[in-house]
Amino acid sequence: MEHAWGLVDCHCHLSAPEFDHDIEEVLKSAKDANIVALVAVAEHTEEFEKIIQLSERFSGFVMPCLGVHPVQDVSSKEQRSATLEDLAAALPLIEHYKDKLLAVGEVGLDFTPRIACTEDQREEQRQVLIRQIELAKRLDLPLNVHSRSAGRPTINLLKQQGAEKVLLHAFDGKPSVAMEGVKAGYYFSIPPSIIRSGQKQKLVKQLPLDCLCLETDSPALGPEKQVRNEPKNISISAEFIAKVKGIPVETVLTATTQNALKLFPRLQHFLVK
């Protein structure tokens with residue numbers, strides 16, 4: 001089966017300061033690695049304009065997603081749980097750019113104890129997510145979702161709220177929990193850190209190929225800990241999925257790109273032919 005489309009990195013942080021000094025080289029390396037689209041997600045309002053500018057500068061290659069992440073930075077060393085105030089600041093901008101967006105993201109829940117140690121914080125995260133699910137439904141956009149230490153609550157909430165087009169990125173839960181998402185028609189993207197994560201390896205072993213996508217989560221979740229990850233490393237994910245499933249890597253490349261096109265309906269429309 002010919003793989004005509006090239007690869008899609010379904011979740012990366014191109015607006016991260018780690019890429020400020022060499023973004024052109026990073027994107028050239030990605031193109032050289034047969035990547036045709038980079039799905040650039042946001043974490044907070046301050047980077048919205050930067051992501052939109054990147055998507056305009058590298059039109060048809062960088063695909064923007066805007067959303068409020070459940071974890072917000074106070075400083076380079078300190079983080080806190082997202083609030084409804086964070087969301088209020090973001091909503092007018094998301095609305096303003098809605099026609100340019102591939103998805104709403106990165107959104108979700110993060111119940112890591114140091115982030116959300118009280119039920120009030122977790123409940124506020126839920127409210128922030130619910131409102132972004134409602135927004136995505138109204139704009140007819142998919143959701144690019146974070147669910148660290150909150151796999152089951154995230155999938156349950158998405159299902160309760162009737163979310164349909166969903167990508168669960170770098171899912172850290174059990175395969176049995178992920179299968180609830182598979183039954184709901186959700187997709188799961190796999191980062192290069194799979195080569196050092198037993199949990200991700202178990203996940204890929206059990207999840208069907210028709211719900212898997214590729215991601216790098218650059219600059220995080222690379223093949224080596226504490227080393228900057230880049231979109232060009234996406235082939236590492238594909239090769240490892242092929243190894244775990246005992247199938248040719250071409251089969252993985254074709255399936256994951258077809259899955260990305262199903263998940264993100266605007267992708268084909270935005271791609272430069």
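**Exercise 1.** Find where Asp217 sits in this predicted model, and decide whether Asp217 is buried or exposed.

*Solution.* Begin with the chain itself: Asp217 belongs to the loop that runs between strand E10 (212–214) and helix H8 (234–245). Next, take the relative accessible area of Asp217, which is 8%. Since a residue counts as buried when this value is under 20%, Asp217 is buried. Finally, list the partners of Asp217, leaving out residues up to four places away in sequence: Asp217 touches Asp9, His11, Cys12, His13 and His169.

**Exercise 2.** Work out in which loop His13 lies, and which side chain makes a polar contact with the side chain of His13.

*Solution.* His13 is found in the loop between strand E1 (7–12) and helix H1 (23–32), and His13 is buried because its relative accessible area is 8%, with the limit for buried set at under 20%. Setting aside neighbours within four places in sequence, the contacts of His13 are Phe19, Val41, Glu43, Glu106, Asp217, Ser218 and Pro219. With Asp217, there is a polar contact between the two side chains, at 3.0 Å.

Terms used. Residues are numbered from 1 along each chain as its sequence is written. This is a predicted model: local features need pLDDT of at least 70, side-chain atom pairs count only at pLDDT 80 or more; totals for chains, interfaces and linings use all residues. Side-chain values use heavy atoms; hydrogens and water are left out. Helices (H or I, at least four residues) and strands (E, at least two) are DSSP runs, numbered from the N terminus. Buried means under 20% relative accessible area, exposed over 50%, partly exposed in between (1.4 Å probe, protein chains only). Contact means heavy atoms within 4.5 Å. A polar contact is a pair of N or O atoms within 3.5 Å; within protein, one must be able to donate a hydrogen and the other to accept it, and residues adjacent in sequence count only if both atoms are side-chain atoms.
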